Amino acid sequence: MPKKFQIACIQSSIEVIDDPARKDNVIARNLRRGLDIAEAAVVRDEARVVVFPEAWLQGFNHKRTPEDWKTVCIEIPGPETDVIGAFAREHEVYVAGAAFERDPDWPEVWFTSGFIVGPSGTVELRYRKCHEHNVEGLIPSVCPADVYTEYVRRYGEDSLFPVLDTPYGRLATIVEHDVNFFELSRALTFRGAEVLLHPTTETNGPMAETRDQVRRSRAYENLVYLASANAGALSGRYSAAQATRGGSTVVNYLGHVDARIDGAGESVLVSTVDLDRQRKRRTEVFMNFPAQVKSEFFGREFEKQTFMSNDTGGDARATAKATIKRLKEEGVLAPE
Amino acid sequence: MIEKYTAVAVQTIIRHVREPEWRDAIIRENVNRYLSLMEYVSCRWGQAKLYVLPEFSLTGVEHVRSVEEWTRIALRIPGPELEPLANFARINRAYVAGGTMEYDPAYPNRWFNSAYLFGPSGDLVLRYRKINGADVQGHTTYSTPTGCYDLYVKNEGGEDALFPVVDTEIGRLALINCYDINFPEMPRAFAQHGAEILLHCTGEPYGPHREPWEMSRRTRAYENCMYVISSNHGGYAAQVSGNVFADSPGLNFQERRDGEISPLHRSHGGSEIVDFNGKVAGAAPNPGEALAIGPIDLRALRERRAEIRDNILVQSRTEIYAREYTRHQATGINRWLEAPIAHKSEARQSTEAVIARYLRDGVYAPPEGYEPAAPSEQQNRALA
């Protein structure tokens, strides 16, 4: 096991699927272009773990109908991850990303899913995004919690928070909005994660700076590396080319930014993950938050209050509205 | 309800109590300095409604000191030393919060790292005892409510006593101290109890953790849609002897050295008022005496909390995580239920035992060539 290795964030240019009928062509072009620029990072900079943005293959188009969304979904594993698998096998690397995904055995719903394809050429980790903008009515997907009982019946409880043990440390994925929820990074840390791979799509806006800080907080409070790959230049009918602000970043286990792409547009970031130093740091008492946190105590506290309830189905926005109303009744939120 | 008002974090150079017989005089001097600066605010800036003082701001913290001596130096809450601050609150119709070492005779042989809040009536409206700190870091010997959980919950009338929140005309206020802010679980637990404005009495030293620690305040504010007011020390002036301190004029080098348990500017200041979007609304960015003054807009906060977009608090999925927390064993509670903490090494050993267990069970991976130290008897007990 190497003491340190190189990690690459691919800030891909993404062609958005505007016409679902042309899905396969667009995905093939996105795959080809992404893997080509990743190859440079792998061959020249010896990157061993490669992270792609959230909607690398399909892009976001908020004019899609619910049927369109289902059409643009891929299967994981599927032909697309086979292409990635060939690349991963050839170069003996781990490739992470996220995509809109449909399980053919459960056609009623679809997810945004993180994945890691390994040197075996197969999907070695699949994670379904726990916190999605369906809650804001922006996308008609579901999160595992929305369909919790059925989800756990199909995939088991451990499938919610997967961690992959590799020669390059224990890897886990969190996707975009997930980073805002500290419980997820903590749960993955409790399950052994050392490097959080964060495929993301972050646009310009009032929360841009706050988001940057949140990434660093997650790394700091869990003594983990966090590698965020944001989307690069977009091309699509309704997509401003530089709508995402770029800024792909590798944060180290002290919460310091090791490397960062300055702006928007297609780019690549390669940085070092020093696993051995991270592991040494984790043996020290001083500010060792994952060991110092009173987990059981807080778990019991969290059991007392439900914010978004499980099993409320796909209309997460309605659930959020109902949650606000209930929290006001319970006095958790003060009346306006 | 007062919708808009001014809040102030008051940052001073704190005088340390080194010689116990000087306790009263030094506390008085610290209190007087705060009163002067708070008077200055009301003269220069008009009326502020909320003042926040740093952690252990009246005695300083002497890390090497017996529990017995601490119980004599620590204050009562409320108590005569805090009376002038309570009077200021009453006369100015304001709220005054701060942190202090506390002794409560209901807990013999223990002392707490606490925070208080006086309201416009001059009464104590809130008292909080720090939950995360010396009990996991081992830098000093104060007790925490979780360290003697069963006893504490019994004495204080229930589990809610650990996360006190007070509903006032200026919003729902809660107190936390210093290291607490590094645990996102803490402000979330307070948010569950209704907190809207978190008063963070802190004492943050320089170090490689400075920036991410400061960032924690902003992340906590954002992820809970709450104001966070962090009041840090501007510096520490240790007592050399009598009424001579490390920053007194006319000291020669050796005399100054004798007083420097810690450097005068060990603390980086940087007191802040952070709004509910995680943005800094007022700051005193440097060390030294300073005021961080900023606006609080309670209506804006309550309207924001009723919006769904980027409302991380409301969007939380507690149900899928509560079990992850309860079944995972990190640091436990009731470690000092029977015998109060007597030496600071006990806390260190307790965290060492968790790390050893993590390395054994694979929560942490060992660094190359790592040889676990033979566990002491105490560690074996903690592991069991």
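The legends below describe close-up views of a predicted model.

**View 1**
Most peptide bonds are trans. P77(A) sits in the loop that runs between helix 2 (66-72) and helix 3 (79-91) of chain A. The loop holding P78(B) lies between helix 2 (67-73) and helix 3 (83-92) of chain B.

**View 2. Positive phi at C178(B) and D310(B).**
Most residues other than glycine have a negative phi. C178(B) has a phi near 40 degrees, a positive value. Its loop lies between strand 8 (171-177) and helix 6 (185-192) of chain B. C178(B) is buried, because 23 other C-beta atoms lie within 10 Å and the cut-off is 20 or more. For D310(B), phi is near 55 degrees, again positive. D310(B) belongs to the loop between helix 9 (298-305) and helix 10 (312-315) of chain B. With 20 other C-beta atoms within 10 Å, D310(B) also counts as buried.

**View 3. The contact of chain B with chain A.**
Chain B gives 65 residues to the contact and chain A gives 71 residues. On the side of chain B, the elements giving two or more residues include helix 4 (134-137), helix 6, helix 9, helix 10 and helix 12 (345-361). Helix 7 (210-224) and helix 11 (318-327) of chain B are also among them. The largest share of this side, eight residues, is that of helix 11 of chain B. By class, the side of chain B that touches chain A has 27 nonpolar, 22 polar and 16 charged residues.

**View 4. Helix 6 of chain A against helix 7 of chain B.**
Two packed helices are described by the angle between their axes and the distance between the axes. The axes of helix 6 (residues 208-222) of chain A and helix 7 of chain B come within 9 Å, crossing at roughly 115 degrees. The crossing is left-handed. From helix 6 of chain A, the residues in the contact are T210(A), Q213(A), V214(A), R216(A), S217(A) and Y220(A). They meet P212(B), M215(B), S216(B), R218(B), T219(B) and Y222(B) in helix 7 of chain B. This contact divides into five nonpolar, five polar and two charged residues.

**View 5. Nonpolar cores and the surroundings of Y225(A).**
In soluble globular proteins, nonpolar side chains tend to be buried together. The largest nonpolar core here has 208 residues. Those with the most contacts inside it are A8(A), V50(A), V51(A) and Y225(A) from chain A, and A97(B), L199(B) and Y227(B) from chain B. Helix 1 (residues 23-45) of chain A supplies the largest share of this core, seven residues. Leaving aside neighbours within four places in sequence, Y225(A) is in contact with residues including E194(A), V195(A), L196(A), A219(A), V250(A) and Q278(A). Another core, of eight residues, lies apart from the largest one and includes I14(B), A237(B), V240(B) and A246(B).

**View 6. The two assigned domains of chain B.**
The domain assignment gives domain 1 (4-319) and domain 2 (344-383) of chain B. Their centres, taken over C-alpha atoms, are 32 Å apart. Domain 1 gives eight residues to the contact between them and domain 2 gives five residues. The side of domain 1 that touches domain 2 has two nonpolar, five polar and one charged residue.

Note on methods
Residues are numbered from 1 along each chain as its sequence is written. Chains are lettered from A and ligands numbered from 1 in the order in which they are written. This is a predicted model: local features need pLDDT of at least 70, side-chain atom pairs count only at pLDDT 80 or more; totals for chains, interfaces and linings use all residues. Helices (H or I, at least four residues) and strands (E, at least two) are DSSP runs, numbered from the N terminus. A residue is buried if 20 or more other C-beta atoms lie within 10 Å of its own, exposed if 12 or fewer, and partly exposed in between; C-beta atoms are placed from the backbone. Two residues are in contact if their C-beta atoms, placed from the backbone, lie within 7 Å. Ala, Val, Leu, Ile, Met, Phe, Trp, Tyr, Cys and Pro count as nonpolar, Asp, Glu, Lys and Arg as charged, and the others, Gly among them, as polar. Domain bounds come from an automatic or database domain assignment. A nonpolar core is a set of buried Ala, Val, Leu, Ile, Met, Phe, Trp, Tyr and Cys residues joined through C-beta atoms within 7 Å. Axes are lines fitted to C-alpha atoms, for helices over the stretch in contact, and angles run from 0 to 180 degrees between N-to-C directions. A crossing is left-handed if the near helix is turned anticlockwise from the far one by less than a right angle, and right-handed if clockwise.
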